[in-house]
Amino acid sequence: MKQFVIAGTLVAGVTLAGAAMAQTPAAPPPTAPKAATAKPTTKTTQAGNAQGGHEAPKAQPNTAEEATAPGAMALGTVRLPKGGKVDGKEIAAGSYQVRLTADEAKPDARGSSEKLERWVEFVKGGTVVGREVVSIVPAAETKLVQKDTPPPSGGSKVETLKGGDYVRVWINKGGNYYLVHLPNS
C-alpha cells in the first residue's frame, strides 16, 4: 500500500511540473550581437544617486516674501487665569490690555527677523506692568506654521503649554498672529 501512495504522489508531482513548464513563455530568438558601446560605470552612493549624475533637488518648504510688521497698536485684552512672569517680574492673574510697541527686539537667533520680533506691553489700570517679546506671524505665513486651532479673528487664546512651564498668549489681529510666551511663576 505504501508503494502505491508513493508512486501516486510522484506521478502527480511530475504532472504538475510538466504543466507549469508548458505555460512559461518561450525565450526570444537570439539576435546578432550589437557593436560594443562603452558605457561609463557608475557607483551608487549610500544616498542612492550615481556619482557624477544629477538628481533634481528635494522639495523645499514653502516660503513667503519678506514680511512687514504693523506699527504700534493695541492688540486687545487678554485674561490670564493665573499669575506669571512678564519681563522677569511677577504679575497677578487678571485682565490686561496688550499693546504692540514700535520697538524691535534684537534677537540673537540666526534666521529670525528683527521686524517680526517686537515688544508688547501689558497694561492694567492705565499703567504698564511689564513688557515681553512677541513673535509676529504674518497672515501670508499663518498656514505654514499653524498646528492648533487659532483664536477667532480679533480674539485671543491663553493656554498653558505642555509641561506646564510656559503660558502662550495667542492674539489674532488683522489676520496676523501675535505669540507671547510667558514663564509660569
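This is a predicted model: local features need pLDDT of at least 70, side-chain atom pairs count only at pLDDT 80 or more; totals for chains, interfaces and linings use all residues.
## Aromatic pairs

The count of aromatic pairs in this model comes to two. One of them joins Tyr 96 and Phe 122 in an edge-to-face arrangement, with 6.3 Å from centre to centre and 80° between the planes. Tyr 96 belongs to strand S4, which spans residues 94-104, while Phe 122 belongs to strand S5, which spans residues 117-124, so the pair ties together parts that are 26 residues apart in sequence. Both partners are shielded from solvent by the criterion used here: Tyr 96 is buried, its relative accessible area being 3%, and Phe 122 is likewise counted as buried, at 0% relative accessibility.

The rings of Trp 170 and Tyr 177 also form a pair, and since their planes stand at 85° with the centres 5.4 Å apart, this pair is edge-to-face. Trp 170 counts as buried at 5% relative accessibility, and Tyr 177, with a relative accessible area of 7%, is buried as well.

## A lysine over the ring of Tyr 96

Besides its pairing with Phe 122, Tyr 96 has Lys 124 lying over the face of its ring, at 4.7 Å from the ring centre.

## Pro 183 in strand S9

Pro 183 lies in strand S9 and is partly exposed, with a relative accessible area of 29%. When residues up to four places away in sequence are not counted, Pro 183 touches Gly 84, Lys 85, Asp 165 and Tyr 166. The C-alpha atom of Pro 183 is separated by 9.7 Å from that of Glu 90, although the two residues are 93 residues apart along the chain.

## Asn 184 after strand S9

Asn 184 lies in the segment that comes after strand S9, a strand covering residues 176-183.

The side chain of Asn 184 reaches the backbone oxygen of Gly 164, at a distance of 2.5 Å. Leaving aside neighbours within four places in sequence, Asn 184 is in contact with Lys 82 and Gly 83, with Thr 160, and with the residues Gly 164, Asp 165, Tyr 166 and Val 167.

Notes
Residues are numbered from 1 along each chain as its sequence is written. Side-chain values use heavy atoms; hydrogens and water are left out. Rings of Phe, Tyr and Trp (its six-membered ring) pair if their centres lie within 6.5 Å; planes under 30 degrees apart count as stacked, over 60 as edge-to-face and the rest as tilted. Helices (H or I, at least four residues) and strands (E, at least two) are DSSP runs, numbered from the N terminus. Buried means under 20% relative accessible area, exposed over 50%, partly exposed in between (1.4 Å probe, protein chains only). A charge sits over a ring if NZ of Lys or CZ of Arg is within 6 Å of the ring centre and within 35 degrees of the ring normal. A polar contact is a pair of N or O atoms within 3.5 Å; within protein, one must be able to donate a hydrogen and the other to accept it, and residues adjacent in sequence count only if both atoms are side-chain atoms. Contact means heavy atoms within 4.5 Å.
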